[in-house]
Amino acid sequence: MSAPSVNGIHANGVNGVHVNGTNGVAKVPRPLTAGIFAPIPTFFDAETEDLDIQSFTAHVVRVAKAAVAPVLAGSMGEAHHLSHTERATLIKAARHALDEAGFPKMPIIAGTGAGSTRETIELSKEAAAAGADYAIVICSGYFAGALANNRQALKAFWSEVAAKSPIPVIIYNYPGASGGIDLDSDLITELATECPNLAGVKLTCGNVGKLTRICATVSDPSFASQHPRLNPDAPFLVLGGFIDFVLPTTFVHAHGAITGLANVAPHTIQKLFELSEAALKDPTLLPDAQRLQGIVARADFTIAKSSIAGTKALLEKLYGYGGSPRRPLVPIEPEAAEALWAHPHTQDLVRVERELTGKVAA
């Protein structure tokens, strides 16, 4: 019996490349499910700026132990500072580390956005070959002046990438990193409806109204049957790009978040997601969810302002690794790092994380 098809494309292959296997090698099914994902920083040797694979794999496993899946070579991972070979090296190292640590079914999402549609597709194929299960794609902002208001060009970009990628693709909407390109809810919903190899959207625009409108379509029970995905393990997820509003988004049936704060406090962020989901069924849990959301939202606001360098400084303080970004990005000033660590919002988050991991009494 032949494999099912969506819009004439076989579910076990895209353009001759198998969705569940790359280059003829069978892959372990790793479904994309609602939850928390951490955009993993890329760590570098202090002198040479070569990849620090030991710190990187240690961190991937650390967040995995909190049931948080990794996103590699994204904004937090300094994707634009990485060569194609380095991106593939990180994917292979993460897959090996997860398998060795007992997480063979945890998916890997890899950032594959590039300056052109052609290179984005090339990176998506390379990510699949290296072991990534899903791609997340941002549109380059270099030509934002020509693209930001060109709805047809933006739709064509994600449509072509999704059609030619051997792995499902997540739309990455981050105006701050793409020259102000900001997809509206109508365009995202159109793409979700028309492109069966799209598996979701990350909204780092922080627009809760937009998220709500998208969920009204894609989270409706009828959507999956009317617009089946090319890969049945990859439903269309609507994910926040910050964690400061995950509780309210749960009540409009969003699917979690890809959040940098999950690097610093993965158990806390996962607990917030689980508590938010549970509060949907048991309203008596809502006050606890609201309290934890408040702690997390304040920490997200404070720590996000320090960007990649601040997150790395906190990881250095907490776990003994972090280091500096690649130049031309600069490390956070020592005084600012100490102030960030001592800030009440940071300390409240650290206290909860330590309570949840048993490092201090609750």
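## Reading a helix pair and the cysteines

Tutor: In this predicted model, H3 passes H5 in a right-handed crossing.

Student: Which residues in H3 meet which residues in H5?

Tutor: From H3 come Thr117, Thr120, Ile121, Ser124 and Lys125, and they meet Phe157, Glu160, Val161 and Lys164 of H5. Sorted by class, this contact of H3 with H5 is made up of three nonpolar, three polar and three charged residues.

Student: Turning to the cysteines, how many disulfides does the count come to?

Tutor: In general, a disulfide is a covalent bond that joins the sulfur atoms of two cysteines. Here, with a cut-off that asks for a pair of cysteine sulfur atoms within 2.5 Å, the count comes to zero disulfides. Cys195 is in no disulfide, since the nearest cysteine sulfur, which belongs to Cys139, is 14 Å away. Cys205 is likewise in no disulfide, and the nearest cysteine sulfur to it, that of Cys215, is 12 Å away.

Student: Is Cys195 buried or exposed, and what is the relative accessible area of Cys205?

Tutor: Buried means under 20% relative accessible area, so Cys195, at 8% relative accessibility, counts as buried. Cys205, by contrast, has a relative accessible area of 23% and is therefore partly exposed.

Definitions and conventions:
Residues are numbered from 1 along each chain as its sequence is written. This is a predicted model: local features need pLDDT of at least 70, side-chain atom pairs count only at pLDDT 80 or more; totals for chains, interfaces and linings use all residues. Side-chain values use heavy atoms; hydrogens and water are left out. A crossing is left-handed if the near helix is turned anticlockwise from the far one by less than a right angle, and right-handed if clockwise. Helices (H or I, at least four residues) and strands (E, at least two) are DSSP runs, numbered from the N terminus. Contact means heavy atoms within 4.5 Å. Ala, Val, Leu, Ile, Met, Phe, Trp, Tyr, Cys and Pro count as nonpolar, Asp, Glu, Lys and Arg as charged, and the others, Gly among them, as polar. Buried means under 20% relative accessible area, exposed over 50%, partly exposed in between (1.4 Å probe, protein chains only).
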